[in-house]
Amino acid sequence: MVSLLAPHGMAQLLIPTFVPVSKHRAAFDIDDNFLYSALRKTVKCAKGREILMDEVGTLSGQPFGRKIDKDEAYLRIITPLAQRSGNNRSNRLQLANAISKWETDFKTYVIRLRKPVSARDKLEYFRRFVAGIKDFQHVSAMNSMVKLVTNKRSGTGHVDDLDPDTIIELYKQHAAIVDANNKKEMVGRHGQIVNEL
C-alpha cells in the first residue's frame, strides 16, 4: 500500500499517529477520504470490511492500519505455539525463543491497544499460547509445588495463586531447561546421524 500512496505524497496516512499541521488539514482530510474510498473498493476480507464499517461515519481511512495491526497482534499472542509450528513436540522447537517472541508480540499488542492489560489476562493469553506443548505439562505441577512451599513459609494457611508474571517465569525457566536438554541430545546424536548418512 505504501508503494501506491508514496508517489502521491500520501504515505503519512499509513502512520496511525500522524496529525497534520493546521494549514495542511484540508488537504489531509481529502487524502484521508480518498484512502477510505480506495480501501472500500479493494478490501475483501470480513474483518477488513468490519473495520471499514466502523469508520463509515468519519470516512477516514487512517485508522484502518492501526486497527488491522492491533488485531494481527492479538492473533499472534493467542495462537497456540503448537498450532503455529504444526508440532507439539518441543525437540523441534526452541521454546525459550518462542516465549521471548511472544513477550515482544504481547508488548506490541498492549501498545496498539492503548490501555493496560491485567496480569490475569496476560497469563490467560500466555496459557493459550503454550497450550498443547507436552513439555509444559510439568509447569502446572511446579506451580502447585512452589505455591504450596511459599504459603507454608509465609504462614498464611490459604492457597493463593502466584503472581501471573511469576508463573510465566516458571514457564521460561522450564523452556530453557528443555531447550538445553534437546540441544545436548542432538549434539550427542550428531555422530550417529553422520554415520547413517
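Before the details, a word on conventions: residues are numbered from 1 along each chain as its sequence is written, and side-chain values use heavy atoms, with hydrogens and water left out. Since the model is predicted, local features need pLDDT of at least 70 and side-chain atom pairs count only at pLDDT 80 or more, while totals for chains, interfaces and linings use all residues.

Let me start with the chain as a whole. It has nine helices and zero strands, where helices (H or I, at least four residues) and strands (E, at least two) are DSSP runs, numbered from the N terminus. Of the 197 residues, 30% count as buried, a term that stands for under 20% relative accessible area, with exposed meaning over 50% and partly exposed in between (1.4 Å probe, protein chains only). If we take the contacts between residues at least 6 apart in sequence, 62% of them join residues at least 24 apart, contact here meaning heavy atoms within 4.5 Å.

The buried residues of α6 are Leu95, Ala98, Ile99, Trp102, Asp105, Phe106 and Tyr109. Seen down the helix axis, these buried residues fall within an arc of 120°, so they line one face of α6, the arc being that of the directions from the helix axis to the C-beta atoms. On the other side of α6, Lys107 and Ile111 are exposed. The helix is followed by arginine 114, whose phi is positive, near 65°.

Which residue forms a salt bridge with aspartate 105? It is arginine 76, with the closest N and O atoms 3.4 Å apart, a salt bridge being a side-chain nitrogen of Lys or Arg within 4 Å of a carboxyl oxygen of Asp or Glu. Arginine 76 lies in helix α4 and aspartate 105 in helix α6, so the pair ties together parts that are 29 residues apart in sequence. Aspartate 105 is buried, at a relative accessible area of 3%, whereas arginine 76, at 27%, counts as partly exposed.

In total, the structure holds seven salt bridges.

A polar atom of the aspartate 32 side chain does lie 2.9 Å from the backbone nitrogen of glycine 61.

Finally, glutamate 55 lies in the loop between α3 (46-54) and α4 (62-78), and this residue is buried, with a relative accessible area of 11%. Its side chain is joined to that of threonine 58 by a polar contact of 2.9 Å, which is a pair of N or O atoms within 3.5 Å; within protein, one must be able to donate a hydrogen and the other to accept it, and residues adjacent in sequence count only if both atoms are side-chain atoms.
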